[in-house]
Amino acid sequence: MKLGRNEPCWCGSSRKYKHCHLGREKQSPVDKGTIKKELNSFNSKKYCSVPESQKTDCSKKIIKAHSVSKSSSLKAIAVDGHVYSTFKTNHDFSSSKRVRPKKVGINQASVFTGFCSNHDKQIFAPIEDYAFDTSDVHCFLVAYRSLCRELFVKESVANTFSFARELDKGKALSEQIMIQKMAKYYGSNNDLTMGDLRYLKQKLDNMFLCKEYGDLHHFVIELESPPKAMTSAVVGYTVGFDGELLQTISNDPKNIPDYVFINSFSSDGRGYTVLSWLEEHSVSNLKFLKQLQSTESISNSLSTFTFAMVENIYLSPLWWESLNESQQEKVCEIYAQGAMEHTKNTVLMDVPILDDNPLIHVTIVGRFTL
Ligand SMILES: [Zn+2]
Ligand SMILES: [Zn+2]
């Protein structure tokens with residue numbers, strides 16, 4: 001590579017080569033402590049997610065809000081106060097090892113510092129203090145909290161991706177190119193998603209303020225026992241259960257794909273998965289639901305979808321430890337797609353039944369028919 005010292009650097013940083021990558025292979029690598037601190041900076045961001053007009057009622061204290069309820073949900077699957085969890089956002093750019101779930105205490109699991117103590121209590125009391133009842137208000141609140149968390153995470157990791165561009169110090173040119181490419185790829189994906197989520201947030205904020213929930217539809221699946229994999233997330237997915245693409249995702253920030261909110265939790269000893277979407281995002285979601293209904297086991301299909309699309313997952317230790325080595329490997333392989341590996345169109349197909357939780361009832365909340 002012949003690049004003049006004063007030319008723009010090849011990495012696209014818009015700095016001059018001499019101030020950026022010139023001699024980078026001889027620089028001292030970023031030490032492990034700094035990397036760890038940066039990756040954990042997620043924990044240092046704190047704000048209340050309520051709409052601007054409500055911020056005057058915020059308390060001073062930003063608390064650790066649970067995206068999956070601790071008392072009703074995590075406790076239902078925990079063993080000795082622990083569940084298994086996975087974090088897709090903690091990328092290690094220099095290794096291609098597959099992520100395996102790790103044990104975490106339920107006080108720390110699923111928390112995010114995205115609400116003040118006042119609003120966390122006030123807004124979510126209906127679903128925290130009472131059993132889930134499939135009403136439009138309950139469904140809305142479940143979806144709203146997952147969106148606030150999703151946006152919070154994307155905003156928090158945005159800094160991590162710019163930091164990742166420093167991780168090629170002391171490495172050979174070929175590795176520098178690889179690391180810059182990865183950081184750029186994940187960084188711009190994250191920026192696009194952040195823009196989409198802000199759009200969704202504005203929509204839901206308005207519903208929240210007017211108490212008009214009609215534009216958000218829900219498909220509520222009630223299961224005999226708590227889901228083995230619990231989650232709270234908002235995803236713009238592409239693949240369906242038939243191996244065909246349901247939608248394509250473009251790089252145009254104005255072109256917002258159809259998103260689905262997925263929340264799997266427990267209430268009163270039963271299991272629930274609530275899939276929610278905006279009226280304007282119905283096309284892919286209705287197709288997706290039709291396919292879901294015709295799969296062999298809805299609970300297994302939803303778990304597979306969660307492993308493939310979501311990073312915020314909490315697993316029942318009893319269930320995870322009951323799987324044999326090759327079954328665990330299968331779950332990790334599905335999970336790795338979309339994280340460190342490309343998502344295959346067939347990711348949701350031909351998956352063994354690892355989580356069969358009998359279906360009690362499906363409730364449709366909204367103006368749609370399947
Ligand atoms: Zn550079
Ligand atoms: Zn607040």
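I started at C11, which touches C20, H21 and Q180 once residues up to four places away in sequence are left out; touching here means C-beta atoms, placed from the backbone, within 7 Å. Before going on, I noted that this is a predicted model, where local features need pLDDT of at least 70, side-chain atom pairs count only at pLDDT 80 or more, and totals for chains, interfaces and linings use all residues. Residues are numbered from 1 along each chain as its sequence is written, while chains are lettered from A and ligands numbered from 1 in the order in which they are written.

**The segment before helix 1**

I placed C11 in the segment before helix 1; helices (H or I, at least four residues) and strands (E, at least two) are DSSP runs, numbered from the N terminus. Is C11 buried or exposed? C11 counts as buried because it has 20 C-beta neighbours inside 10 Å. The cut-offs I used are 20 or more other C-beta atoms within 10 Å of a residue's own for buried, 12 or fewer for exposed, and partly exposed in between, with C-beta atoms placed from the backbone.

H19 lies in the segment before helix 1 (32-39) too, but H19 is exposed, with 11 other C-beta atoms within 10 Å. I also looked up H19 against C9: they are 10 residues apart along the chain, and their C-alpha atoms are separated by 8.3 Å. S14 is exposed, since it has 8 other C-beta atoms within 10 Å.

**Over to D350**

D350 is another non-glycine with a positive phi, about 50 degrees. I found D350 in the loop between helix 9 (325-336) and strand 10 (359-365). D350 has 7 C-beta neighbours inside 10 Å, so I logged it as exposed.

**The core**

Next I went to the largest nonpolar core, which has 82 residues, with V83, L147 and V235 making the most contacts inside it. A core here is a set of buried Ala, Val, Leu, Ile, Met, Phe, Trp, Tyr and Cys residues joined through C-beta atoms within 7 Å. Which helix gives the most to this core? Helix 4 (residues 136-164) does, with 14 residues. I then listed partners of V83 beyond four places away in sequence, among them L74, I77, V104, I106, Y314 and P317.

**Helix 4 and its partners**

The axes of helix 4 and helix 5 (residues 173-210) come within 9 Å and cross at roughly 150 degrees. Axes are lines fitted to C-alpha atoms, for helices over the stretch in contact, and angles run from 0 to 180 degrees between N-to-C directions. I therefore wrote the pair down as roughly antiparallel; angles under 35 degrees count as roughly parallel, over 145 as roughly antiparallel, 65 to 115 as roughly perpendicular and the rest as oblique. The residues of this contact of helix 4 with helix 5 divide into 16 nonpolar, four polar and five charged. My classes are Ala, Val, Leu, Ile, Met, Phe, Trp, Tyr, Cys and Pro as nonpolar, Asp, Glu, Lys and Arg as charged, and the others, Gly among them, as polar.

Helix 3 (residues 117-128) packs on helix 4 at about 125 degrees, with the axes 9 Å apart, which makes helix 3 oblique to helix 4. F124, P126 and I127 in helix 3 meet V137, H138, L141, V142 and R145 in helix 4. I recorded six nonpolar, one polar and one charged among the residues of that contact.

Methods: Contact = placed C-beta atoms within 7 Å.
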